[in-house]
Amino acid sequence: MFSFDLLLDVVVAGILVGGFYAAVSLGITVAFGLLDVVNIAHPAFVILGAYGAYVANSRFGLDPILAGLLGMPVFFLLGALVYRVYYTSFEKRGDESLRGLVFFFGITFIIEVSLLLQYGVDYRSVEAAYVGETIALGPIDLPFRLAIPCAVALALTVTLHLFLSRTFYGRAVKAVSQDHLALRLMGASPVRIKALAFAIAIATASIAGALLIMIGPVEPSVGREYIGRVFAIAVLGGMGSIGGTLAASLILGVLESLTSTFYGPSWALAVSFGILLLVLAVRPAGLFGR
Amino acid sequence: MVRHRRPGIRTRIIVMALIATFALWGATAPAALAAGPIKIGFGMALTGALAGNGKAALIAMQMWAEDVNKKGGLLGRKVELVYYDDQTKPATVPGIYTKLLDVDKVDLVVSGYGTNVIAPAMPIVIERKLAFIGLFGMAVNEKFNYPYYFGIMPTGPEPLTDWSKGFFEVAMKQSPKPKTVAIAAADSEFAQNAAAGARQNAKKYGLRVVYDKAYPPPTADFTPIVRAIQATNPDLVYVASYPPDSAGMVRAAHEIGLKPRMFGGGMVGLQYASLEKALGPMLNGIVNYHFFVPEPTLKFAGIDAFLKTYQERAKTAGVDALGYYLPPYAYAYLQILGQAVEGTKSLDQKKIGEYIRGHEFDTVAGKVKFAPNGEWAKTRVLMVQYTNIEGNDLKSFEGPGHRVIVYPEEWKSGAVVYPYEKAKR
């Protein structure tokens with residue numbers, strides 16, 4: 001069964017799906033890794049993004065990726081609003097650890113139920129000329145359905161990395177994750193900076209959702225499948241590290257792909273989480289964590 | 001001297017009125033209770049992975065209740081459905097059925113949708129000796145051997161092998177004859193049962209199994225699995241999967257250019273209008289199971305009227321727009337229960353169970369008779385081949401000729417196009 005061509009194909013497939021994992025995990029890296037906000041509702045926001053792309057695509061014929069990009073400002077505002085409620089109700093009072101978790105559980109259910117009521121439980125998908133097409137590069141088959149989400153995810157990762165490392169606000173976000181007090185002494189409001197960062201995290205869910213619905217059909221509860229995986233990626237990459245998130249996503253994608261093909265798909269997740277445990281045993285801060 | 005005051009006339013009237021009231025209440029109480037509705041309880045997947053089907057089934061069941069109530073109900077009593085969302089989670093099922101029986105005091109119970117939620121209800125049903133009809137359970141009674149379990153799914157008396165029998169029988173009649181098979185199945189009760197049956201059929205027909213793996217249900221990308229299958233170069237690829245996986249598998253097969261001689265088998269979801277639309281021409285050539293398709297050879301009394309009403313309701317409910325797969329059977333299993341109640345003129349579980357066991361029933365899904373193990377006495381798992389699908393809209397699937405029945409002979413509406421590579425075109 002083993003051949004070099006197959007190995008190459010499988011590694012490329014892993015990179016493609018890993019790129020998509022990165023798009024879904026970036027929001028968690030920012031919210032959980034940088035802001036210490038355990039936003040377990042992030043996958044639900046991704047599903048909300050997927051439905052946004054579905055509506056724009058089915059009603060207005062918009063390209064799903066364009067729909068995802070157009071949805072980002074709306075998700076940004078939504079994120080800012082959610083953070084404001086979270087801050088006022090829990091973080092400000094020091095109740096964020098357990099009650100905050102329940103709050104995000106609640107948001108997950110509200111999103112799921114709202115989608116259920118509005119769109120029902122049927123599977124939804126998008127149409128685009130490139131979905132279903134494949135390009136052959138020598139021995140490698142590149143399905144556009146996976147290649148385009150991977151390319152978009154890479155662009156999103158680079159953009160977010162540049163924002164966090166090169167702009168004033170980006171550096172402020174990094175600073176807030178390190179020392180609240182120092183940031184306040186510099187005259188910046190940690191709450192406003194955190195609201196901005198959380199809003200950015202939620203904005204990424206819009207584009208991640210569009211990529212998700214390109215890869216396969218979605219229904220309102222499908223986000224639950226991703227909760228474990230995205231947190232694992234954020235931890236493996238190193239809390240708050242954008243580059244680490246990308247690296248961890250690609251590692252998990254390639255490992256899953258290799259295990260699925262050469263050993264058995266049942267073991268794919270087990271091997272990925274096994275590697276996570278192993279890495280954490282050696283480097284508790286994750287691959288790129290400090 | 002003690003004077004006894006006799007009660008005044010007003011007091012006597014009040015006492016008489018009270019006695020009369022109690023007497024009347026006593027006489028009419030049983031009648032009033034008897035006039036209460038017959039409650040039928042069940043859990044159903046209204047959220048979770050199988051909610052698409054669960055909600056569609058619920059619509060069909062509500063349609064049955066309305067139809068029955070319009071005709072005066074059962075045994076002169078209205079019918080009321082009492083149901084809870086099982087969230088497609090087996091763990092919720094024991095609690096739901098205990099509540100239905102002990103708190104809601106339902107008169108009858110039926111199952112939710114699918115093997116994974118029928119199996120956990122069985123211990124409660126058996127303990128309380130209830131007649132129980134399962135909706136699309138795969139070989140649920142195989143280990144329980146409970147005499148009053150009946151399965152509304154046309155698999156036949158040997159459900160494990162009947163499920164995939166048609167796929168293998170069709171393949172073995174083709175030339176060149178296939179020699180190898182790959183089996184990929186989701187890691188869940190239903191899919192593993194289907195895969196077990198496929199293995200038995202492969203053995204029966206002397207096929208060599210070159211790939212036999214399970215995959216976890218939350219799988220985002222199926223290309224590694226399809227590539228692994230392709231690397232073994234099988235003649236047949238048999239897949240037992242759930243809806244999102246089926247879509248992923250078909251897309252990956254199409255993108256990679258999977259080239260077996262026959263592909264399909266037990267993919268759940270390809271029967272839904274939403275996935276049919278999403279996959280469109282990618283479905284061409286696939287041979288997969290189905291339970292009802294609008295082919296001229298398959299006409300049952302009442303099915304057209306049922307589908308017309310269902311399709312109207314499906315528009316606003318956001319469920320499967322066509323309703324060929326599960327809804328007719330969801331209506332049918334309540335038809336069977338209703339006919340058994342009327343036939344026995346009672347709600348006695350044993351009598352109902354015996355009645356269902358011994359009779360044939362007319363339903364919108366055709367005539368139904370059960371074998372001693374509670375499965376259908378005769379298999380009617382259709383194998384259909386998708387052909388002539390040109391677009392990603394429902395019009396491309398309208399009318400006969402797009403899902404050609406290639407098995408069983410009795411219902412056949414066309415010949416299979418073989419191999420898959422040719423049929424794909």
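**View 1. The open sheet of chain B.** In chain B, 7 strands form an open sheet with mixed pairing, in the order β7-β6-β8-β9-β10-β13-β14. Strands here are DSSP runs of E of at least two residues, helices are DSSP runs of H or I of at least four residues, and both are numbered from the N terminus; two strands pair if DSSP finds at least two bridges between them. The edge strands are β7 (208–215) and β14 of chain B, each of which pairs on one side only. From one strand to the next, the twist averages 25 degrees, where axes are lines fitted to C-alpha atoms (for helices over the stretch in contact) and angles run from 0 to 180 degrees between N-to-C directions. Helix α10 (residues 243–256) of chain B packs on the sheet and touches β6 (180–186), β8 (236–241) and β9 of chain B, and the direction of this helix makes about 155 degrees with that of β8(B). Touching is judged by contact, in which the C-beta atoms of two residues, placed from the backbone, lie within 7 Å. The model is predicted, and local features need pLDDT of at least 70, side-chain atom pairs count only at pLDDT 80 or more, and totals for chains, interfaces and linings use all residues. Residues are numbered from 1 along each chain as its sequence is written, while chains are lettered from A and ligands numbered from 1 in the order in which they are written.

**View 2. Strand β13 of chain B and its partners.** Strands of a sheet pair through backbone hydrogen bonds, either parallel or antiparallel. Strand β10 (residues 287–290) of chain B pairs with β13(B) in the antiparallel sense over 4 bridges, and B:N288 stands opposite B:V384 in β13(B). Strand β14 (residues 403–407) of chain B also runs antiparallel to β13(B), joined to it by 4 bridges, and there B:Y407 is the bridge partner of B:M383. By contrast, strand β9 (residues 262–267) of chain B runs parallel to β10(B), with 2 bridges between them, and B:G265 stands opposite B:N288 in β10(B). In strand β13 (residues 382–386) of chain B, 5 of the 5 residues are buried, so the strand is largely enclosed by the rest of the structure. A residue is called buried if 20 or more other C-beta atoms lie within 10 Å of its own, exposed if 12 or fewer do, and partly exposed in between, with C-beta atoms placed from the backbone. From β13(B), B:L382, B:V384 and B:Y386 point one way, whereas B:M383 and B:Q385 point the other way.

**View 3. The buried face of helix α14 of chain B.** Helix α14 (residues 349–358) of chain B has the buried residues B:I352, B:G353, B:Y355 and B:I356. Seen down the axis of α14(B), these buried residues fall within an arc of 165 degrees, so they line one face of the helix; the arc is that of the directions from the helix axis to the C-beta atoms. What covers the buried residues of α14(B) includes β5 (149–152) and α13 (327–344) of chain B.

**View 4. The surroundings of B:Y148.** B:Y148 is found in the loop between α6 (141–144) and β5 of chain B. This tyrosine is buried, with 20 other C-beta atoms within 10 Å. Leaving aside residues up to four places away in sequence, B:Y148 touches B:L130, B:A131, B:F132, B:Q349 and B:G353. B:Y148 and B:K351 are 203 residues apart in sequence, yet 9.9 Å apart in space from C-alpha to C-alpha.

**View 5. The two domains of chain B.** Chain B is assigned domain 1 (38–156 + 300–369) and domain 2 (159–298 + 380–424), with bounds that come from an automatic or database domain assignment. Taken over C-alpha atoms, the centres of the two domains are separated by 28 Å. In this view, 19 residues of domain 1 of chain B are in contact with 21 residues of domain 2 of chain B, and α4 (115–118) and α13 of chain B each supply at least two residues of the side of domain 1 that touches domain 2.

**View 6. Where chain A meets chain B.** Here 36 residues of chain A are in contact with 39 residues of chain B. The elements that each supply at least two residues of the side of chain A that touches chain B include α1 (4–34) and α4 (99–119) of chain A, and α1(A) gives the most, with 5 residues.
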